[in-house]
Amino acid sequence: DADNADSDDDGATGTETDWRLPTQKELQQAYINGSANNLPNPDYSFWSSTEAYYFSQSRACYVYLSYGRTYYSTKDNNYHVRCVRRD
């Protein structure tokens, strides 16, 4: 969704470089407040930037947005991503 996503008037579109993965808490908040229902395919699992600290840096948390549940997995699994802009 980076195409035409900027709000400045410099004439360039989709050139922003401040995208990041949301944290596990941000994804869960999207489930709690219902904004996840506005995403395409909210029934998918989405990676977060939150690492599963008890397994070192080899695993990260992902959130299944249909139920708001958090799981962890090795980072080589094929889950979806939904990037957000930095504040």
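Modeller: Happy to. One term before we start: when I say contact, I mean heavy atoms within 4.5 Å. Also, please keep in mind that this is a predicted model.

Colleague: Noted. Leaving aside its neighbours within four places in sequence, what is arginine 20 in contact with?

Modeller: Arginine 20 is in contact with Glu26, Cys83, Val84, Arg85 and Arg86, once neighbours within four places in sequence are left aside.

Colleague: And where does arginine 20 sit?

Modeller: Arginine 20 is in strand β1.

Colleague: Is arginine 20 buried or exposed?

Modeller: Arginine 20 is buried, because its relative accessible area is 17% and the cut-off for buried is under 20%.

Colleague: Which residue does the side chain of arginine 20 make a polar contact with?

Modeller: The partner is the side chain of glutamate 26, at 2.8 Å. The two side chains also meet in a salt bridge, with 2.8 Å from N to O. Glutamate 26 itself is partly exposed, with 33% relative accessibility.

Colleague: Nice. Let's zoom out: how many salt bridges are there?

Modeller: The count comes to three salt bridges.

Colleague: What does arginine 85 pair with?

Modeller: Arginine 85 forms a salt bridge with aspartate 18, and their closest N and O atoms are 2.7 Å apart. Arginine 85 belongs to strand β6 (residues 84-85), while aspartate 18 is in the segment before β1 (19-20), so this pair ties together parts that are 67 residues apart in sequence.

Colleague: And how accessible is arginine 85?

Modeller: Arginine 85 counts as partly exposed, at 30% relative accessibility. Aspartate 18 is partly exposed too, with a relative accessible area of 23%.

Colleague: Switching topic, which side chain does lysine 75 meet in a salt bridge?

Modeller: That would be glutamate 51, with an N to O distance of 2.6 Å. Lysine 75 is in the loop between β5 (69-74) and β6, and glutamate 51 is in strand β2 (residues 45-51), so here the pair ties together parts that are 24 residues apart in sequence.

Colleague: What about accessibility for lysine 75?

Modeller: Lysine 75 has 41% relative accessibility, so it counts as partly exposed. For glutamate 51 the value is 32%, which also makes it partly exposed.

Colleague: Great, thanks. That covers my list!

Notes: Residues numbered from 1 in each chain as written. Predicted model: local features only at pLDDT ≥ 70, side-chain atom pairs only at ≥ 80, totals over all residues. Heavy atoms only, no water. Salt bridge = Lys/Arg side-chain N within 4 Å of Asp/Glu carboxyl O. Helix = DSSP H or I, 4+ residues; strand = E, 2+ residues; numbered from the N terminus. Buried < 20%, exposed > 50% of the residue type's maximum accessible area, 1.4 Å probe, protein only. Polar contact = N/O pair within 3.5 Å; in protein donor to acceptor, adjacent residues only side chain to side chain.
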